[in-house]
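I set out to read this structure from its overall fold down to single residues. My entries follow in the order in which I looked things up.

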Amino acid sequence: LGVGREVGRDRVAEFEASSRSAADVLRELAELRHALRDAAEEVVDLDEAVAVPEAWVGPAAEGTRRDALLEAIRHAAIHLGELRLVRDLALGR
C-alpha cells in the first residue's frame, strides 16, 4: 500500500510449523530486504492519498503513502519486540 504494490498473504500458512533451517529464514529475510529497497525506490509521492484497507483499521479510512509506510514500520517493530521476547524466553534469559 505504501509503495503502491498489491500484497497478498496466506496468514494461516504463515503460522504453520515449518522445517526451514535458520539459513533458509536468513536468506528469505535478505530477499525481503532487497524487495523492500526496490519497492521504496519506486515511490514518487509520499503525500499521495491512498485508501487504507478496512482489515487494517476497521472502517475504511484514507491516509497518505507516508502514513501507510509509517504504520508498516510501527507494526513491524511490535513484531520484532515479540520475536526478541520469545528468543529470550527460549534461551532462559
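Is aspartate 24 buried, partly exposed or exposed? I found aspartate 24 to be partly exposed, because its relative accessibility is 28%; buried means under 20% relative accessible area, exposed over 50%, and partly exposed in between (1.4 Å probe, protein chains only).

Entry on sources. I note that this is a predicted model, in which local features need pLDDT of at least 70, side-chain atom pairs count only at pLDDT 80 or more, and totals for chains, interfaces and linings use all residues. Residues are numbered from 1 along each chain as its sequence is written, and side-chain values use heavy atoms, with hydrogens and water left out.

Entry on the fold. I looked up the secondary structure and found four helices and two strands in the protein chain, in the order α-α-β-α-β-α along the sequence. Helices (H or I, at least four residues) and strands (E, at least two) are DSSP runs, numbered from the N terminus. Of the 93 residues in the protein chain, 9% are buried.

Entry on salt bridges. I searched the whole structure and recorded nine salt bridges, each being a side-chain nitrogen of Lys or Arg within 4 Å of a carboxyl oxygen of Asp or Glu. One of them joins aspartate 24 to arginine 27, with the closest N and O atoms 3.8 Å apart. These two residues are three apart in helix 2, so about one helical turn separates them. Arginine 27 also meets glutamate 31 in a salt bridge (3.1 Å, N to O), and this pair lies four residues apart in helix 2. Arginine 27 is partly exposed at 41% relative accessibility, as is glutamate 31 at 43%. Elsewhere, I noted a salt bridge between aspartate 88 and arginine 93 (3.4 Å, N to O). Through shared partners, salt bridges join Asp24, Arg27 and Glu31 into one network.

Entry on threonine 64. I located threonine 64 in strand 2 (residues 61-64). Threonine 64 counts as buried because its relative accessible area is 19%. Which residues does threonine 64 contact, leaving aside its neighbours within four places in sequence? I listed Leu46, Asp47, Glu48, Ala49 and Val50, where contact means heavy atoms within 4.5 Å.

Entry on helix 4. Helix 4 (residues 65-90) has 26 residues and reaches 37 Å from its first C-alpha to its last, close to the 38 Å expected at 1.5 Å a residue; the expected span is 1.5 Å times one less than the number of residues. Just after helix 4, I found glycine 92 with a positive phi of about 75°.
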